[in-house]
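Please examine the following model, which is a predicted one, with the sequence beside it. The paragraphs below lead through a few of its parts in turn.

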Amino acid sequence: MKEDHHAGDQHPGGTEWVLKAIPDAENPYRLLNLKLTPVKSWAAGVPAVMAAMKDLMEEKAFLRGNIALLKMNQFKGFDCPSCAWPDPDDERSPIAEYCENGAKALAEEATTKKLTTEFFKDNSVVDLAKLDDYRIGKLGRLTEPMYLPKGGTHYQPICWDDAFKKIAEHLNALEAPDEAAFYTSGRTSNEASFVYQLFAKEFGTNNMPDCSNMCHETSGSALRPTIGIGKGTVKLEDFYDTDVIIVIGQNPGTNAPRMMSALAKGKKNGARIIAVNPLPEAGLMGFRNPQEVSGVLGNGEKLADLYLPVRINGDMAFLKAIELLLLEFEKQSPGEVLDHRFIREKTVNYDLFIEQFANYNLDDLAAEAGLEPAAIYEAAQMLAFKKRIIVCWGMGLTQQPNGVDMIREMLNILLLKGSIGIQGGGVCPVRGHSNVQGNRTMLIDEKPTDEQLDRLENFFGFKVPRSHGYDVVRVIKAMHDEKVKVLFCMGGNFLSATPDTTYTANALRKLNLLVCVSTKLNRGHLIHGKEAIILPTYGRSDKDIVNGELQFVSTENSMGVVQHSKGVLDPVSRNLINETQIVCRMAMATLGSRAVVNWQRYHDSYDAVRDDIEQCIPGFKDYNVRVREKGGFYLPNAARDEQRFAKQYGYRAPFTLTVVPENRLADDEYMMATTRTHDQFNTTIYGLDDRYRGIHNERRVVFMNQKDIDKAGFKAGDKVDLFNYDDDIERIAPLFIIVSYPIPEKNTVTYFPETNVLVSVNNVVKESNMPASKYVKIKIRGHDPEVYKKIDEMLHKGQLQR
């Protein structure tokens with residue numbers, strides 16, 4: 001450690017330091033050389049451009065990748081395979097309508113590195129499993145179907161016909177259709193999603209866990225019963241013409257970097273921004289647009305006018321405090337703060353909602369939120385006499401145990417103000433993957449409604465299953481109990497994305513068959529069932545040619561725009577087929593002559609798929625015509641367009657009664673939230689840096705408040721082990737480095753998926769049943785090398801996943 005670094009320095013200061021780790025060949029968690037640099041107060045800029053270009057060079061795809069980037073998110077190009085942030089409806093940048101992470105996602109697809117039969121022949125599953133997720137992901141694109149036989153040590157090639165025959169044998173051998181489950185990642189196109197859910201239903205099950213069950217299921221659970229739709233109610237243009245934007249539990253600089261352009265444009269037009277988050281994220285504070293002179297040579301744009309460092313799960317207390325103050329302001333200025341006409345005509349339960357505030361006071365709520373009363377007062381003043389208010393949130397809220405209630409509490413504020421269903425006002429859940437919202441629109445849902453099922457049954461003429469299926473958490477438990485014996489994964493990295501890694505890994509090992517449709521190798525292929533199959537497919541940027549013609553697919557962005565996406569790159573292998581064809585061939589092999597659906601028709605034509613989507617899902621009239629129009633089309637949104645809300649309340653929106661949770665920790669406990677690094681998208685790790693937070697070369701770090709570090713007798717740079725004891729089970733995440741950071745006391749933050757092992761499968765969000773990965777009680781102890789003996793014993797007994 002450099003001598004000029006004082007152990008008590010808070011990391012965001014100007015001091016730079018390096019921790020030299022001692023290499024240990026016997027240590028499976030060997031630390032790299034952690035380097036800390038000053039935390040950034042702004043995001044993007046020239047460094048983002050350079051980082052993106054570096055990734056393209058590392059993937060040996062600099063020219064190929066840059067050609068593709070010119071077409072990414074363009075009207076006649078392909079949709080970014082990264083986040084779901086919308087593209088402008090009118091003009092788009094001819095230079096770069098993408099962000100750093102979008103370019104890195106493209107680099108992963110455009111790579112010229114390939115995994116062939118020889119690679120799998122030379123590398124056993126056990127050896128590959130010893131690599132970390134970063135190194136596994138950097139190996140290259142999959143080029144042919146691979147099969148791991150029972151008792152096998154190496155994946156071996158299998159032809160497509162034999163792969164589908166093997167899948168069909170396993171599915172048809174099940175005692176009941178519900179012994180199979182069909183998982184979906186957000187990257188899957190509308191067309192593939194539709195045929196995928198249709199096959200599952202014709203096979204006989206609604207077991208369709210998907211990535212929504214881990215990211216924004218909470219949003220849908222909160223919004224559908226209140227505003228009648230589980231989606232946001234704003235368009236991109238609303239950000240340009242609004243008064244106040246609240247960004248809560250969301251980090252745009254990393255999770256949706258193009259959102260910063262919208263925030264900056266709104267700021268220029270007079271909007272004020274309130275940022276609510278335990279960490280002072282660079283993307284909340286400032287933005288340097290690399291396409292503008294001020295972003296290259298100047299200081300860029302300041303974003304947050306007010307930053308509120310709320311305590312983990314203190315958001316509810318903060319929201320209640322805002323409402324309390326708005327009601328007080330209304331008493332002082334009757335009719336100027338609340339929209340009583342909107343409340344009277346468009347809502348229910350207002351009087352009951354108001355009664356609760358007799359039991360609250362500002363000081364107590366502020367203390368529970370971990371904020372100063374004056375700061376909350378300032379936020380309330382910014383809202384009091386404004387109507388055009390947008391509230392944005394991410395997984396900082398959706399992965400809290402009371403996340404559904406917190407989203408409804410934010411909605412309560414908008415209902416008080418009449419700020420939903422108007423230009424410049426509404427709700428904006430910031431979705432993660434690029435078509436995760438489209439998947440749900442295409443009926444990828446373990447809980448389909450009777451209305452949805454009726455349409456399918458009437459159109460196709462087969463009896464659809466009516467009972468609800470398994471979501472992600474429930475399917476993990478079902479696999480563990482051997483109630484699910486076949487898991488088919490349409491994309492994604494199931495193991496790294498899910499909670500309770502040890503428990504989930506042991507569940508996966510009990511499967512008779514695990515099938516993964518993928519573009520690249522990931523850990524989900526290496527912790528497998530008794531047999532395993534990998535089916536390689538196209539990336540979003542790849543040319544998809546069917547019957548000699550270049551095809552396009554369609555996706556839905558987070559604001560309800562359905563658009564076409566046409567790949568431009570020559571695929572890395574001639575032995576790939578698209579996801580829709582994979583589903584259709586699986587269906588034909590499995591169902592055979594008992595199939596009612598004409599699967600060959602869908603196999604041969606995306607237009608045929610879209611024609612039938614039009615008949616089965618509202619809002620898709622003239623699908624094949626409108627999706628070919630410039631920019632695509634908006635799906636209907638009654639809450640946004642008509643202020644028509646929940647049907648069960650006469651198309652009104654109910655005020656929701658919620659409670660402020662009591663968050664109590666023992667003296668030696670801390671509250672932990674997991675998060676991404678900037679060099680990461682979901683489970684895909686692009687590099688080992690998190691430059692906005694000043695972390696380089698390492699991911700096994702734990703951010704702590706300096707007061708907590710001192711009180712526990714630690715110092716910055718100490719190596720520690722992390723423990724969780726939910727369900728009376730000891731969960732261990734060994735060998736992390738303490739980093740001092742401006743985070744609320746008794747709160748800690750670690751990276752996902754390294755600490756997923758600490759998240760109990762039973763620690764879930766009420767109503768949505770999502771993993772509550774932002775609310776994990778942990779204990780921190782000095783690193784004990786003896787912990788590895790315990791880990792080795794657990795590994796040997798199959799009780800732990802490395």
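In this predicted model, helix 8 (residues 190–203) and helix 29 (residues 606–616) have axes that come within 10 Å and cross at roughly 65 degrees. Angles of 65 to 115 degrees count as roughly perpendicular, and the two helices, helix 8 and helix 29, are therefore roughly perpendicular to each other. The crossing in which helix 8 passes helix 29 is left-handed. On the side of helix 8, Asn190, Glu191, Phe194 and Val195 take part in the contact, and they meet Tyr606, Val609, Arg610, Asp612, Ile613 and Cys616 of helix 29.

Attention may now turn to a loop. Glu59 lies in the loop between helix 1 (46–58) and helix 2 (62–69). Is Glu59 buried or exposed? A residue is buried when its relative accessible area is under 20%; Glu59 has 0% relative accessibility and therefore counts as buried. When residues up to four places away in sequence are left aside, Glu59 touches Ala107, Glu108, Thr111, Thr112, Lys113, Lys138 and Lys520.

The last element to consider is helix 21 (residues 403–417), which has 15 residues. At 1.5 Å a residue, helix 21 should span 21 Å, and this agrees with the 22 Å between its end C-alpha atoms. Just after helix 21 comes Gly418, which takes a positive phi of about 65 degrees.

Notes: Residues numbered from 1 in each chain as written. Predicted model: local features only at pLDDT ≥ 70, side-chain atom pairs only at ≥ 80, totals over all residues. Heavy atoms only, no water. Axes fitted to C-alpha atoms, helices over the stretch in contact; angles between N-to-C directions. Helix = DSSP H or I, 4+ residues; strand = E, 2+ residues; numbered from the N terminus. Parallel < 35°, antiparallel > 145°, perpendicular 65-115°, else oblique. Left-handed = near helix turned anticlockwise from the far one by under 90°. Contact = heavy atoms within 4.5 Å. Buried < 20%, exposed > 50% of the residue type's maximum accessible area, 1.4 Å probe, protein only. Expected span 1.5 Å × (residues − 1).
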